[in-house]
Amino acid sequence: MTQVPFAFEFAVLKYPEAKGLVSIIIPIYNTDIYLREALESVLAQTFENWEAILIDDGSTDKSPEICAEYAEKNSKFKYVRKKENEGLLLARKTGLENACGEFIANLDSDDAYKPQFLEKMFEKIKDGKNDFVYCDYDDMHGRQKLLEVKNCKLGENKLDNVQRHRDFGYTIWNKLIKRSLYAKVLFPQIAATNGEDLIQMSQILYHSEHTELIPENLYIYRSNSAISSSKSFKIISREKRIVQNVVLRVAYYLLMEKLFGTLQAERMSTGIPSAYFYFLLSKKAIACHKIEYMENFIPLFLRELEKTENKGIRRTVLIWACKGFPLPFRVLRSIKRIFSIFLLPFKPSPYRI
């Protein structure tokens with residue numbers, strides 16, 4: 001496959017903005033057992049000026065039929081069918097491109113809104129003071145998530161704003177956001193499996209000046225779903241999952257580099273040691289445009305590392321890179337043939353990471 005530069009793209013908005021309208025973006029991938037519940041929660045909203053953009057991300061179950069059914073019964077549902085599964089980030093980008101609303105909401109297709117979600121969120125954002133608003137939420141198992149920051153004027157230091165993403169909850173689905181602001185978000189052209197919300201929220205915080213919390217549990221989150229389009233959109237091999245996780249972290253690093261410059265990006269505590277050390281060796285080698293290339297990310301990483309003559313440095317970098325993976329060292333034995341080029345002793349990590 002021909003390698004291409006790592007690409008970030010803006011959504012291309014197709015329609016003029018309709019004042020007072022809320023567009024709900026719903027990415028869908030093989031969630032037919034939950035999808036009706038999600039769509040019924042939209043129909044149950046006390047706020048009526050909404051449209052829902054259903055983005056079927058290449059589902060192979062009954063989700064397409066359900067989407068078509070709701071779109072046929074109610075014109076507020078717009079159905080967009082994608083032929084291939086490209087991941088949550090690109091599904092949301094497609095949803096944004098097809099939205100008309102002055103404000104954008106997101107709903108995962110295995111979650112649900114409480115009836116007053118849109119009404120109470122709209123009430124806090126309609127006067128234009130807030131760039132986005134957000135709410136507390138609970139999940140299907142009864143656990144509650146209570147956020148602490150209630151009303152916040154974001155500072156002039158954009159780096160500080162971005163690094164505070166946890167204060168506002170780094171999830172995107174419990175937010176209502178101005179479309180004019182959401183349109184400034186850059187989408188990495190990758191099929192992502194986790195961490196997608198951080199990519200978006202970091203940029204929303206970067207462009208925002210003021211936000212406010214609605215201290216009510218208005219969103220219902222289904223945790224640990226095995227088939228959610230946002231939480232685990234495919235059952236894939238351990239090795240591929242490791243590679244995709246690293247690629248997402250690389251995307252976040254590149255985003256920070258684009259926003260704040262190389263020096264600041266490398267100094268930031270981003271939680272991506274694998275990407276950090278990789279870029280110290282060869283930033284120009286990264287090309288993560290498609291899944292087919294992601295599968296080659298680890299071998300490429302190791303080939304670049306092989307160019308380092310000092311074996312001590314190679315070993316240190318390799319260990320720190322592995323710390324960035326969500327699995328212990330013993331799992332990495334499955335790709336030992338790749339690591340054999342280093343002739344390094346492999347010892348199981350004394351702790352799980």
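## Aromatic pairs and nonpolar cores

Ring pairs join Tyr113, Phe117, Tyr137, Trp173, Tyr219 and Tyr221 into a cluster, in what is a predicted model. Within the chain as a whole, the count comes to 15 aromatic pairs. Two of these pairs are set out below, since a pair of aromatic rings is described by the distance of the centres and the angle of the planes.

| Pair | Centre to centre | Angle between planes | Class |
|---|---|---|---|
| Phe103 and Phe122 | 5.7 Å | 80° | edge-to-face |
| Trp173 and Tyr219 | 4.6 Å | 20° | stacked |

Phe103 belongs to strand 5 (residues 101-106) and Phe122 to helix 4 (residues 117-125), so their pair ties together parts that are 19 residues apart in sequence. Phe103 is buried at a relative accessible area of 1%, and Phe122, at 15%, also counts as buried.

The largest nonpolar core holds 37 residues, of which Tyr182 and Ile204 touch the most other members. Helix 8 gives the largest share of this core, nine residues. Leaving aside residues up to four places away in sequence, Ile204 touches Phe132, Ile172, Ile177, Leu181 and Val185. A second, separate core of 34 residues includes Ile26, Ile66, Phe77 and Phe122.

Charged groups also meet rings: the charged end of Lys76 sits over the ring of Trp50, 4.8 Å from its centre, while Lys78 lies over the face of Tyr15, at 5.2 Å from the ring centre.

Key: Residues numbered from 1 in each chain as written. Predicted model: local features only at pLDDT ≥ 70, side-chain atom pairs only at ≥ 80, totals over all residues. Heavy atoms only, no water. Core = buried A, V, L, I, M, F, W, Y, C linked by side-chain atoms within 4.5 Å. Buried < 20%, exposed > 50% of the residue type's maximum accessible area, 1.4 Å probe, protein only. Helix = DSSP H or I, 4+ residues; strand = E, 2+ residues; numbered from the N terminus. Contact = heavy atoms within 4.5 Å. Phe/Tyr/Trp six-rings, centres within 6.5 Å; stacked < 30°, edge-to-face > 60°. Lys NZ or Arg CZ within 6 Å of the ring centre and 35° of its normal.
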